Amino acid sequence: MSILSFTFAAAAATNEAGEQASGVFPPLDVSTFPSQLFWLFITFGLLLLLLSKFLLPRVGGILEDRSNRIADDLDSAARMQRDAELAEKAYDQALSDARAKAHNVSETTRASIAAEINSELAAAEQHAGEQLELAEAKIRKMRAKALSNVDEIAAKTAKNLVEKLHTGTINIATAQKAVKALG
Amino acid sequence: MADPLDPIKQFEIHPMQEFKLGGYDVSFTNSSFVMVMAVVLIGLFLFMGTSKRSLVPGRLQSMTEISYEFVANMVRSTAGRDGLKFFPFIYALFMFILFANMLGLIPFFFTSTSHIVVTFALAMSVMTTVLVVGLWKHGFKFFKLFVPSGVPIAILPLVVLLELISFLSRPFSHGIRLWANMLAGHIMLKLFAGFIIMMFAGLGGVAKIGAIAPFIMVIALTPLEILVAFLQAYVFAILTSVYINDALHPGH
């Protein structure tokens, strides 16, 4: 504010002093040209110097640092991704190996167990068949024996009956013939 | 001249501190004050914007970086990669004109770029650069700029004459465009602002409300003038890159 009020004070002073530029369109007032050019030269020259030697390299440096940093980060990210892909591949390989191995083991185990079961089953069946045959032979023998016993008993009984009823005697062979004729 | 509503009065230059140099009056004026302010503000803007040097920029640093990239892209796209040697010059022109224009829009501030001697001097600095660089880099071949290839020999003299005129008129159009834009904008703003006061003071009773019309105009014109202030700085900078491109790569 103090500078501005100073401006106005100065302006008022020159106006009172008698309007050196009265009547002339200010931008075409040649009397102000040296001052304008002089200060333009100083200010713009200073700005150019400051910018080219000091300020713009600072901004440019920051931008370059950032783009370098980004490029580095992208590089390391790509490297990490490559590493991750390799690791994944190795993991997949290990997994499929393990799976194949496990499959193998279970297959062989199953096969051996099946073979064992089959052989034991066959042995058991054979044993059971033998037993069955033995038992059947025994039964057949017993049945035949029992059947022949029945005939004998019947013949004896018939002989006894005939003798008791007839009070005579009959030959056992005749009785047996009769039993057979009945049976 | 005593009329406070005179729209021309705002362009008057008043010395703040008298200086004499070799018989010339080089007083520190309100115009010089705004130019110094512009340089100080640009310096602070860039210095403070880069003081942290952070990888992820804050607000101010973003703005400095955007201004840098904006001008750098402009130079690169119009003048090519070797045009970047002139990047500080074009950046300085852009920022100086932008800040001088913007400061001029603040009430009670002077507009340095509303004086033709300033804008013409800036345009001449561009033309001098173009001529020196063109002649130094290409020697006599630089004048091929005026002789487009593939033009029939019959009309070649005419084309060369036109090219020469267009080249020589560049500093004038370059300087006058900026000057006239700033001058006209400020005259218009001041005129409408003066109407507000005139209508409010001159009209009686309910008619005072009529002063709202120029007031709305001022409100509408101010953003337009801010746009013009930016646009003129941009146009000046991009045309400078185009001219420097001519100096670097003459021959169409």
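In this predicted model, 44 residues of chain A are in contact with 57 residues of chain B. Putting the two chains together buries about 4500 Å² between them, and 78% of that area lies on carbon and sulfur atoms.

**The side of chain A that touches chain B**

- Across the interface of chain A and chain B, the rule finds ten residue pairs in polar contact, with both residues of each pair at pLDDT 80 or more.
- On the side of chain A that touches chain B, the elements that give two or more residues are α1 (2–18) and α2 (33–166) of chain A.
- Helix α2(A) supplies the largest share of this side of chain A, with 27 residues.
- Sorted by class, the side of chain A that touches chain B is made up of 27 nonpolar, twelve polar and five charged residues.

**Salt bridges**

- Two salt bridges are found by the rule across the interface of chain A and chain B.
- In one salt bridge, the side chains of D65(A) and R53(B) meet at 3.5 Å, taken from N to O.
- Over all chains, the count of salt bridges by this rule comes to six.
- D65(A) belongs to helix α2 of chain A, whereas R53(B) sits in the loop between α1 (30–49) and α2 (59–79) of chain B, and therefore the pair joins two chains.

**The build of chain B**

- The secondary structure of chain B comes to six helices and four strands, and when chain B is read along the sequence these elements follow the pattern β-β-β-β-α-α-α-α-α-α.
- Taken along the principal axes, the C-alpha atoms of chain B fill a box of roughly 75 × 55 × 45 Å.

**A pair of helices in chain B**

- Two packed helices are described by the angle between their axes and by the distance between the axes.
- In chain B, the axes of helix α5 (residues 156–202) and helix α6 (residues 212–248) come within 10 Å and cross at roughly 175°.
- Because angles over 145 degrees count as roughly antiparallel, this crossing makes α5(B) roughly antiparallel to α6(B).
- The contact of α5(B) with α6(B) has, by class, 18 nonpolar, seven polar and four charged residues.

Note on methods:
Residues numbered from 1 in each chain as written. Chains lettered and ligands numbered in written order. Predicted model: local features only at pLDDT ≥ 70, side-chain atom pairs only at ≥ 80, totals over all residues. Heavy atoms only, no water. Axes fitted to C-alpha atoms, helices over the stretch in contact; angles between N-to-C directions. Parallel < 35°, antiparallel > 145°, perpendicular 65-115°, else oblique. Nonpolar A, V, L, I, M, F, W, Y, C, P; charged D, E, K, R; others polar. Contact = heavy atoms within 4.5 Å. Buried area = accessible area lost by both parts, 1.4 Å probe. Salt bridge = Lys/Arg side-chain N within 4 Å of Asp/Glu carboxyl O. Polar contact = N/O pair within 3.5 Å; in protein donor to acceptor, adjacent residues only side chain to side chain.
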